[in-house]
Each structure stands twice: as C-alpha cells, then as structure tokens.
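Thanks for making the time this morning.

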Amino acid sequence: MAGRFAPRPTRTTVRGGHVVVPGGVPRQSAEPARVRDWTPEGPLDLGLVLGPLRRGPGDPTFRTTPDGSVWRVCRTPAGPGTLRVTPGGGTARGEAWGPGADWLLDRLPELLGAADDPDAFEPRHRLLAVTRHRRPGLRLVRTGLVMESLIPSVLEQKVTTDEAYRAWRLLVRKFGEPAPGPAPEHMYVMPAPRTWALIPSWEWHRAGVDDKRASTVLRAVRVAPRLEEAVRLEPERARERLELVSGIGPWTSAEVVQRSHGAADCVTVGDLHLPGIVGYALAGDRDADDAVMLELLEPYAGQRHRAARLILLSGRAPARRVPKMPRGDIGKL
C-alpha cells in the first residue's frame, strides 16, 4: 500500500508554521463574473446592512471601495467565492467569482435583508424613532453561514476588539486562500475547517490568541458540518446547538445568529459595554447590567436586536470615565 496514496497533512508534517492547504491554493480566476440584479422593497444602505460582517479596518475577507461597492470573500458549501455588491438606481448588483459564485448570487437577496421585516419594529422611545427615520436603509443581514461568524466571534471573547481583529487578520492572511476573481489586493478566503485544525500552537500564540480561545476554535471546527446545519434551525434552536461546544456561550452564539440567521430578537447578553449603552440611552442609567438592559428592551420583544442596533447607531452613549482596557500581546511573551 505504501506509495499509493499521498500522505495527509498532520501536525507532524507542518514545517516552520506553514500549513499545507488541502487541494492547493487556487489562482485568481480570469473568467467573467456571474451577475445578478436585485431591487429591494424600500431603501437599502449597503454599509449598514453588511457592516456587521466586517472585522476591523484590515479584515482580509471584507472591503469597501470609493465607488460605494462592498467586496466580500467567503467559503460557501460550494467552495470559495468572491462577491461584489454595487448600489445604483435603487437596484443592487451582485457580481461573483469562484466555485461559490452561484451559491452567493442565489442568496444575494437574503444577504441584503430580503427576509427581514423592518416594518415589524414599532419604536416606543423618541430616540429610536428618530434614529430609524434617519437610517431608513437598515436591514438585518443573513449570510446563511455559521463558521465564518463563529470563529471571529470566538477570537473576540474577553479581549479588546483591536486584539481580536489583529488575530483574525494575521491568521486568515497566513493560512487562508487568495480570493478568486479580480478582488482587491490582500483579500483572502477564510481557511477551511481542516486547515484551522492544523494551525500549530505557536502560530496561535504569535497571533495573540490564548489557549482557551484556540481550543474553542479547534473543538468547533471538528464538528463544523453539524454547526453549519444550524442555519436550517430557528435562531434559538441554533444557539442551543452552538452552545453544546465547550467554550461557546450565550454571548458568542448571539453574535453568530445575528449574522447567520438575521435574528431580529437575539440581543447580545454578557457584553462589557452594551448594557451600559442601552441603559444610558433609554433610562439614563450608565451602570445598567444585563438584567436591566433586558427589562428596558422588553417592549421590543421580537425585535430586541434591531432596537439595540438602532441605539448604537444613534450615537447616544455615556462618556468614558475609566481608561480603556489595556491592549495585550501574548505573542511577545
């Protein structure tokens, strides 16, 4: 049997922190883009809708260009794909490249909020009524993908956003695949689950990811197919499935289904800043905890996540009275 099959890459075949990507790294495709136009019912603001998918200014999977286009690179069930969405004349045009192009275009309306119902929200506070009036193009994104939101959400656990964004940027650029099609420079597809599992421990350390978060990612990618199936479940059932993985709690599961399902009612609990912002905006209470936040959002049951989004967009937040959480870098230890 020796020599009949190529050896599968394992941790023992990793050299110098380089992980062999199964199947090789595809070259950028020169084939023409597949195109789809979609006209939403009502106003659409691409920045507001797709903004939650952006993980920091240097996110290698997300880019905006001066012409107003949004570029998004992701790993679909059909393979890697690049999507460019351009607004114009009340119509959104999607152009896609790569093996996942058809999958991305088929789900373009849902991605841009076609399954969302903004009219279901009834503001009961003047602040929210004014903000909704000023931001009529807000719709809740629905990607239909779990892992692409789960892994960066795990990286954001218990650290500053700067640290989490840096870790995501370094890991995707080093172990991801170049984006198919004419994507802007330095855009990469998120690594496949097996590639995540083969990343050496020292590379997690260099990226500033502690063992607890790295272990959570490794446990999640081992059951990635079962987690991806959660997109077919209701948001609460999907959260229950995600939280079966040790290290994934209510904060992380809410952050995921808000993006993967477009869940209008999944408010984030356990966040360091959100309860104080909601409490200050609705009741002048900057010391509000999760219980107070949920009580204040109770009138918006069924739309609590949208209410929280509008509060964050209103710009009404308490002034900082303590220094920011210091940024650490365990990679220097």
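**Helices, sheet and packing**

Let me start at the end of a helix: α13 is followed by Gly284, whose phi is positive, near 70 degrees. Helices here are DSSP runs of H or I with at least four residues, strands are runs of E with at least two, and both are numbered from the N terminus. Before I go on, please keep in mind that this is a predicted model, in which local features need pLDDT of at least 70 and side-chain atom pairs count only at pLDDT 80 or more, while totals for chains, interfaces and linings use all residues. Residues are numbered from 1 along each chain as its sequence is written, and side-chain values use heavy atoms, with hydrogens and water left out.

So how buried is α13? Helix α13, residues 274-283, has eight of its 10 residues buried, so it is largely enclosed by the rest of the structure; buried means under 20% relative accessible area, with exposed being over 50% and partly exposed in between, for a 1.4 Å probe and protein chains only. The buried residues are Leu274, Pro275, Gly276, Ile277, Val278, Gly279, Ala281 and Leu282, and they pack against α4 (126-134), α14 (290-297) and α15 (304-314), where contact means heavy atoms within 4.5 Å.

For the chain as a whole, the secondary structure comes to 15 helices and seven strands, and 48% of the 333 residues count as buried. Among contacts between residues at least 6 apart in sequence, 68% join residues at least 24 apart.

Now to the sheet. Five strands form an open sheet in the order β1-β5-β4-β3-β2, with antiparallel pairing, and two strands are taken to pair if DSSP finds at least two bridges between them. The edge strands are β1 (34-38) and β2 (62-64), each of which pairs on one side only. Neighbouring strands of this sheet are turned by 20 degrees against each other on average, direction ignored; axes are lines fitted to C-alpha atoms, for helices over the stretch in contact, and angles run from 0 to 180 degrees between N-to-C directions.

Five of its seven residues are buried, so β5 is largely enclosed by the rest of the structure. Five bridges join β1 to β5, and the two run antiparallel; Arg34 has Ala96 as its bridge partner in β5. Strand β4 (residues 79-88) is joined to β5 (residues 91-97) by seven bridges, again antiparallel, and here Thr82 has Trp97 in β5 as its bridge partner. β4 and β5 form a hairpin with two residues between them, and Gly89 in that turn has a positive phi of about 60 degrees.

I will finish with two helix pairs. Two packed helices are described by the angle between their axes and the distance between the axes.

In the α11 and α12 pair, residues 235-242 and 250-260, the axes come within 9 Å and cross at roughly 130 degrees. The two helices are therefore oblique to each other, given that angles under 35 degrees count as roughly parallel, over 145 as roughly antiparallel, 65 to 115 as roughly perpendicular and the rest as oblique. Pro235, Ala238, Arg239 and Leu242 in α11 meet Pro250, Ser253, Ala254, Val256 and Val257 in α12. By class, that contact has seven nonpolar, one polar and one charged residues, with Ala, Val, Leu, Ile, Met, Phe, Trp, Tyr, Cys and Pro counted as nonpolar, Asp, Glu, Lys and Arg as charged, and the others, Gly among them, as polar.

Helix α12 is itself mostly covered, with 10 of its 11 residues buried, and what covers those buried residues includes α5 (147-155), α11 and α15. Just after α12, Gly262 takes a positive phi of about 65 degrees.

The other pair is α5 with α6 (residues 161-175), whose axes come within 8 Å and cross at roughly 130 degrees, which makes α5 oblique to α6. This contact is made by Glu148, Ile151, Pro152 and Leu155 of α5 and by Ala164, Ala167 and Trp168 of α6, and its residues divide into six nonpolar, no polar and one charged.
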